[in-house]
Amino acid sequence: MARDLAPEVERLLQTRDPNTKKKAALCSIRIVRKVPDLAENFMGSAASLLKEKHHGVLISVVQLCTELCKASREALEYLRKHSVEGLVRILRDVSNSSYAPEYDIAGITDPFLHIRVLRLMRTLGQGDADCSEHVNDILAQVATKTESNKNAGNAILYECVETIMGIEATSGLRVLAINILGRFLSNRDNNIRYVALNMLMKAMAVDTLAVQRHRVTILECVKDADVSIRKRALELVYLLVNDTNVKPLTKELVDYLEVSDDDFKEDLTAKICSIVEKFSQDKLWYLDQMFKVLTLTGNFVKDDVWHALIVLISNAPELQGYSVRSLYKALQASGTQESLVRVAVWCIGEYGEMLVNNISMLDVEEPITVTESDAVDALELALKRYSVDVTTRAMCLVALLKLSSRFPQTSKRIQAIVVQNKGNTVLELQQRSIEFNSIIQRHQSIKSSLLERMPVLDEASYLLKRAASSQATVSLTKSAPSAASGGSLKVPNGAVKPPPAPLADLLDLSSDDAPVTTSAPSTAPNDFLQDLLGIGLIDTSTAGGAPSASTDILMDLLSIGSYPVQNGLPATSNIGSPGQVTKHAPGTPQVIDLLDGLSPSTPLPDVNAAYPSITAFQSATLKMTFNFKKQPGKPQETTMHASFTNLTSVTLTNFMFQAAVPKFIQLRLDPASSSTLPASGNGSITQSLSVTNNQHGQKPLAMRIRISYKVNGEDRLEQGQISNFPAGL
Amino acid sequence: WILFQVHCHLIFLFFSASSQINFVLLISRQGKVRLTKWYSPYTQKERTKVIRELSGLILTRGPKLCNFVEWRGYKVVYRRYASLYFCMCIDADDNELEVLEIIHHFVEILDRYFGSVCELDLIFNFHKAYYVLDEILISGELQESSKKNVARLIAAQDSLVEAAKEEAGSISNIIAQATK
C-alpha cells in the first residue's frame, strides 16, 4: 500500500496549500518508515521545502528530513550537502525573531521548531566534522541566549545539549553543555533534575571527569523522594563507580539501603552487589560489605551472589575466622534475612572451631567468647525459629552434623536436635535427619573423616562456570559423603525413574534448590558423574591426599568393598556451593558391610549363547541369576529374567527386589511371581525386567540391586552391585 | 490476516526509534478514560492492558513528583489539568520537556476552542476533541505549532459541518414539501 500511494503523496507535497503539504510530509514519514527504499524519492522535495515560510510545513518537513536520514545513507549525504546552511538560517531566524504572537510560547518563538531543527542538526552532524563546524556558532548562540526559567526554554536547552554531545563539537562547546547540565542538576524542579540525570549518563561517554565533579549531587538524588529520579540516579552512580571512589560510594549506598523503601531495595541491593564484586580488590572489604548487605536486605540478594561469597570465603583461609565470627554476631543480632542465615549457618558448620577458639583473629577484631554450646544454640535457633525455607533448614542440619564431629561433647545434644526432624513431612529433611542420626549414632569411627573441612572451592573455575551459564551454579556439591545413587534413584517397587535433569540431580537431593541447573553444561562434571555407575570402577584409594580427580573420589565412594556406609547415605549436599567431594578415606571394615557378601561369580554358560546367564548376586541366604534375551533389530533393549533361590532352610517372606541403573539406562520391572521364597531351593521367585541402554556399544550395562525380605519375623536387607553383565548388552 | 494479527501481537510495543508519540491518553482522576489515540497498531486487549497499567501507575503519583514515569522501557509524560491527566507515551530517548510543551499546546488550543474548557466539555464533545487532536498530531508527530492556524482550521471544519447540516436540512424540506 505504501508503494502504491507514494507517488500520490509526493505529488501532494508540491501543492500550494500548506495544510495539505504538512500532512503530506508527515504521511511521507510513515511511508519511508515502512519502505526505506522510497527515501530517495522524497529527498529532493524535502530539501527544497526547507525554504518554506510556513511553520507548520517547516516542522513537518524537518521531521521528514530526520526520518530520511535514518532510512537511507544516500539521503543523509544529500541532505548534508544541501540543507545544512538552510537549517542554520532557519534556526537563526527563529531564534532572533522578535515577538510573534502566533507562535509565541513563554516568550520564545516556536520552541517546537527550535527543537526539531536541533534534532535534525544532530542527525546530520553525527560523525561529520564538516557539518558540525557549520552549526557550531548557532549552537553556541542558542545555548547561551535561551532563557531557562520556563519549561519551553529548558526544553530547547536540553535538546541543544543533546545535540552538542552528539556531534563533533569543539571543546568549548562541550564545556558549555556540561555547565548547563550542572545547572539543571541543582534546579529545584524535579523534571529538570530528571532530565539532567538522563543527560549525564550520555555525557559520561564524552567527559567522565566533569560528571565525577557532580558526584555528591547525584548521590543526593539517589535518596530523593521521587522514584523516577532515584532510579536514574542509581544507574548513574553505577556508571560513576571507579577504583578510587568505590569505597565511599558503596558506604553511602549501603547506608541508604537501610532506609530505602522496599520496592527500591531490590534494585539497590542488586547494584551494590555488582559494584562490590566488580571492584573488590580487597577481600576483607568485600566480605564486610557483603555481610552488611546480607544483614540489611538478605532476602533480596540473589542466589548466585551469596554462592560467590561462600566460594570466596573458602578460598581465603586467613579470613575464615573473621568471617565466621562476624556472621555469628550478625546472626545473633537478627535472623530474619534468609540469605544471611544460610551463609552464617554454612560458615559456622564449616569453621566452627575457629569460632569457638578465636582462631586467626584480625587486628580489627575484638575477641568474643563463644562456647561450643553457643554455636550449637545458634544453629538450633536457625533451624527452629528463623528459617521457614527448606533449603535453609537442610543447611542447618548439615552444619549440625559437621559440628557434631568438630565438637565431640555436643554430639549427644546435636543428635537429639537432629532426631526431632525424623518425622518431618518434607522428605528432604526427614531423610537427612534419619541419615545423620545414623551417622552420629553408629559410625563414630568414620565420622570425623567424613566431616572434614571441605576442600577449597575452586574460585577460578567457579567464576568461569558462572559466567558461562546464566543460571547460578551447577550444584554438584558434595560436602560429606555423597552416596549418590542411594537416594535419588531407588524408588520402592523397583520402578526406577531415570533422573530427569542432568548430573546435578544424581548427587544432589535438594528438592527445592532453584539453582540446580539444567543449563550448565560443563563437561567435566559430566564425566565424573557418569562414571559413578559405569562399569570400570577403579578402586583407587584416596587415603588422605587432595582430591586429584573427582572421578576417582566418587568411584571410590561407591565402589564395592571400600564403601562402608550402609543404607545409602544421601548426598548431603551443601546446597548451592559448588565444589568437589571431600576426600574420603576408605572406611574401616568393621562397619557393617552388606556388600561383603557380594561375590559375583563367573557367568555360567547358557543356552542363549550370545548372552550367557549370570549369577548376578549371591549371599549367604540368596542367589539371584539373570537370563538374557535380546530381540534382533533392537540392540539397545534387553529382556532379563531374574530368578531367586533361597539357600537357607528357612522360608523368606515379603520378598521384594529393587534395582537401580545409571542415567543412560532405562529400566522396567515387572511384578514378581510371588513374594515368598520357599526354603532350600524348593522353589524360586522369578521376575522379569527390561532394560534399554541408550549408550549401547559405548557403555556397558550396570545395575545396583536391593533385596528386602523377612525371615523369622525380622526384616533383612541386602544390597549389591551387578558388574558382571555379559558384554554387548 | 491471522498472520498479520499474530504479527501485531508479537510486535506489541515495537516502535521504530524515532521521535514519535506512541499514544495519547486522557484519564480522569477517578480512572475514567476520556480520550485515547493510538499511533501504533495495538490490539483491543493490549489497549485495555496499557490503560489499566498506566492508570495505576500515574494516578497514584504524588503532586510534587516529576512528570515522567518509566514504563516498560518507554517514558510516559503526563500532566494534570484540574481533574484530567493528559498522558503521552514516548520512546526512551526522546525529549520529555518538549512533550510537556506539546501537551500544554494541546490544552491551550482546546481552551481557546471550547472557551475555558473543562472535563464536561470533553465528555459531551469528544468528537471535537479528537478533531482538534488530529490537527495537532498526525501519526504521533507534531504538525502545527501555531494555535491560530489550528483554530482557523477547526473553525473551517465546523463551518463545513454547519453548511452540510443546512443542506441536508433543506433537502429534507424540499422532499417534505414535494410529497405533501
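Start with how α4(A) and α6(A) cross: in this predicted model, their crossing is left-handed. Helix α4 covers residues 55-71 of chain A, and helix α6 covers residues 111-125 of chain A. Their axes come within 9 Å and cross at roughly 20 degrees. Angles under 35 degrees count as roughly parallel, so α4(A) and α6(A) are roughly parallel to each other.

Who touches whom here? On the α4(A) side you'll find residues including Leu58(A), Ile59(A), Val62(A) and Cys65(A), and they meet a set in α6(A) that includes Phe112(A), Leu113(A), Val117(A) and Leu120(A). Sorted by class, this contact has ten nonpolar, four polar and two charged residues.

Now hop along chain A to another pair, α19(A) and α22(A). The helix α19(A) passes α22(A) in a left-handed crossing, and the two are roughly parallel to each other. Among the residues of α19(A) in this contact are Val341(A), Val345(A), Trp346(A) and Ile348(A), while Met395(A), Cys396(A), Ala399(A) and Leu403(A) are among those they meet in α22(A). By class, that contact has eight nonpolar, three polar and five charged residues.

Here are the two pairs side by side:

| Helix pair | Residues | Axes come within | Crossing angle |
|---|---|---|---|
| α4(A) and α6(A) | 55-71 and 111-125 | 9 Å | roughly 20 degrees |
| α19(A) and α22(A) | 338-350 and 390-406 | 8 Å | roughly 15 degrees |

Next, the nonpolar cores. How many residues does the largest nonpolar core have? The count is 203 residues, and those with the most contacts inside this core are Phe42(A), Leu68(A), Leu124(A), Ile218(A), Ile348(A), Phe86(B) and Leu137(B). You've met a couple of these already: Leu124(A) is one of the α6(A) residues that meet α4(A), and Ile348(A) is one of the α19(A) residues that meet α22(A).

Take Leu68(A) as an example. Leaving aside its neighbours within four places in sequence, Leu68(A) is in contact with Val32(A), Ala39(A), Phe42(A), Met43(A), Ala46(A), Ala75(A) and Leu79(A). There's also a second, separate core of 31 residues, with Leu652(A), Phe657(A), Leu689(A) and Tyr709(A) among its members.

Over in chain B, have a look at Leu137(B), which sits in strand β6 (residues 137-138). Is Leu137(B) buried or exposed? With a relative accessible area of 2%, Leu137(B) is buried, because buried means under 20%. Beyond its neighbours within four places in sequence, Leu137(B) is in contact with residues including Ile21(B), Val24(B), Tyr39(B), Met88(B) and Ile102(B). Leu137(B) and Ile102(B) are 35 residues apart in sequence, and their C-alpha atoms are 9.3 Å apart in space.

Notes
Residues are numbered from 1 along each chain as its sequence is written. Chains are lettered from A and ligands numbered from 1 in the order in which they are written. This is a predicted model: local features need pLDDT of at least 70, side-chain atom pairs count only at pLDDT 80 or more; totals for chains, interfaces and linings use all residues. Side-chain values use heavy atoms; hydrogens and water are left out. Axes are lines fitted to C-alpha atoms, for helices over the stretch in contact, and angles run from 0 to 180 degrees between N-to-C directions. Helices (H or I, at least four residues) and strands (E, at least two) are DSSP runs, numbered from the N terminus. Angles under 35 degrees count as roughly parallel, over 145 as roughly antiparallel, 65 to 115 as roughly perpendicular and the rest as oblique. A crossing is left-handed if the near helix is turned anticlockwise from the far one by less than a right angle, and right-handed if clockwise. Contact means heavy atoms within 4.5 Å. Ala, Val, Leu, Ile, Met, Phe, Trp, Tyr, Cys and Pro count as nonpolar, Asp, Glu, Lys and Arg as charged, and the others, Gly among them, as polar. A nonpolar core is a set of buried Ala, Val, Leu, Ile, Met, Phe, Trp, Tyr and Cys residues joined through side-chain atoms within 4.5 Å. Buried means under 20% relative accessible area, exposed over 50%, partly exposed in between (1.4 Å probe, protein chains only).
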